[in-house]
Amino acid sequence: MEFEHLNLVPKVVFLLNGKKILLNGGCVHHDNGALGAAAYDRAEERKVELLKAAGFNAVRTSHNPPSEAFLNACDRLGMLVIDEAFDGWREKKNTYDYSIIFDKWWKHDVESMVLRDRNHPSIIMWSIGNEIIERTKPEAVETAKMLANAIRNIDATRPVTSAMTTWDQGWEIFDPLMAAHDVAGYNYQLHRAESDHERVPSRIILQTESYPKDAFANWNLVQKHNYILGDFVWTAMDYLGESGIGRYIYPGEPIGEHWERNLYPWHGAYCGDVDLMGWRKPISHYRSMLYNDNEKIYMAVKEPNPESGEIKLTLWAVWPTWESWTWPGHEGKNIEVEIYSKYPKVRLYLNGKNIGEKETTKAQEFKATFVIPYESGELKAVGLENGKERESVLLKTASQPSKIKLTADRKTIKADSQDLVYVTVEITDEKGILNPNAENELTFKVSGAGTIAGVDNANLKDADLYSANTRKAWHGRAMVIIKSNGESGTINLEVTSPGLNKSVIKIQSTGKK
């Protein structure tokens, strides 16, 4: 994929190969889940593949430059990139952060970023900061000009931005700081864009962070106004850090946001559209449906409130919603079914019975909710166009866990101790239906030309080790990551669990001379 020069003009804000593009972006951190910050090229490449599959066309590397392997994958797969240098400037966020060396190292570091990365066609902007502490002070304007000029002296072909917010307090005070940038990055404040445009008509705006729950409102603003480039959700993927951000709160659990208290065993961020195993949460399908045309109908079920009280949401959270029609104990009780659709109407069937129809146009934010008494069986959602059924999606009730299903993302890897294969483990019933409530303890045994690099289940409240040969399933799934031991040959993975049928898969390690 080739990229043309970025065009910034008053009427059409962002052109790629002569075509207007809306940026459906996501922020990403540097870690790769169970692997931590280990520098595996395949892990970086897979991350980009997952983001593309989730419908994103752009990423923001918050809050530091990414690996070269990540940018190489973005070049090859066609993912646009905002390359970001700093999380802070001179005033500290934490005791031992970059602020203590900013004056000595900023020039070397920002120039190194641009010199290293400027030949990557995937990069569309340079970002010089994120929510800097001194952002409302006059000296911040001078620092922004200093950083922007250092970038433009090396690369004048791409615009400079940074991510700023006031948490909705005194937005006008940012006008001089925003003027020091080519593109104004708004964190969580896109609702200010229309009034800001009236005050500063020349400003080009990008929402550099947003709450997942605001997907429709942000898409609607991006679609309406050429001066808004797009929206970058916080975040595209879950990550290790900011423990508890994006959590939902069950009765009896501590209330409040992630920064307010220690939330152990939470040890990561659950605000991503994609979880640490690579599974797309329902919000991912909804967001992609807004911006893309390759998916037109999706169905999931909202987790019911427990009898002891209501589930509460934090700022970055969305309601726990699952691809599940297996809710034992809820027979006869009302349950909410959510359907996302780009068809004008949807129809819902339960065990062959027509439950009803609802509109799913823009006026309904492309959503329909059906409240129905739960009974086991088959739930089917159908997209309607001109009164005719065009496409359907199914959810089936699973019986007791019986089998272990293994799916490898590749069957052959290089014998270089760097290449990886990701094996998804699913616990199914006798008919092969995923049991979304299964939490069986799984044991992984690898023999031959490979070894375990990490295990995961995407449950950020599970404190078991990522470097291990066992893992509990969560919502019926787990994952084992395998690397070559440097030798050519067959890698054998055996997965067992008490009461379940053993499963085996073979991977080939090739290329050692």
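Predicted model: local features only at pLDDT ≥ 70, side-chain atom pairs only at ≥ 80, totals over all residues.
Let me begin with an open sheet of 4 strands, ordered E17-E16-E19-E20 and paired in antiparallel fashion, where strands are DSSP runs of E with at least two residues, numbered from the N terminus, and two strands pair if DSSP finds at least two bridges between them. Its edge strands, each pairing on one side only, are E17 (353–359) and E20 (388–396), and neighbouring strands of the sheet are turned by 20° against each other on average, direction ignored, with axes taken as lines fitted to C-alpha atoms.

Residues are numbered from 1 along each chain as its sequence is written, and side-chain values use heavy atoms, with hydrogens and water left out.

Within the sheet, strand E16 (residues 345–350) is joined to E17 by 6 bridges, the two running antiparallel, and arginine 347 stands opposite glutamate 357 in E17.

Turning to glutamate 307, this residue lies in the loop between strand E12 (297–302) and strand E13 (312–313). Glutamate 307 counts as exposed because its relative accessibility is 78%, the cut-offs being over 50% for exposed, under 20% for buried and partly exposed in between, with a 1.4 Å probe and protein chains only.

Finally, arginine 477, in strand E27 (residues 477–484), is buried, with a relative accessible area of 16%. Not counting residues up to four places away in sequence, arginine 477 touches Met277, Trp279, Val425, Glu426, Leu434, Asn457 and Lys472, contact meaning heavy atoms within 4.5 Å.

Note on methods: Axes fitted to C-alpha atoms, helices over the stretch in contact; angles between N-to-C directions.
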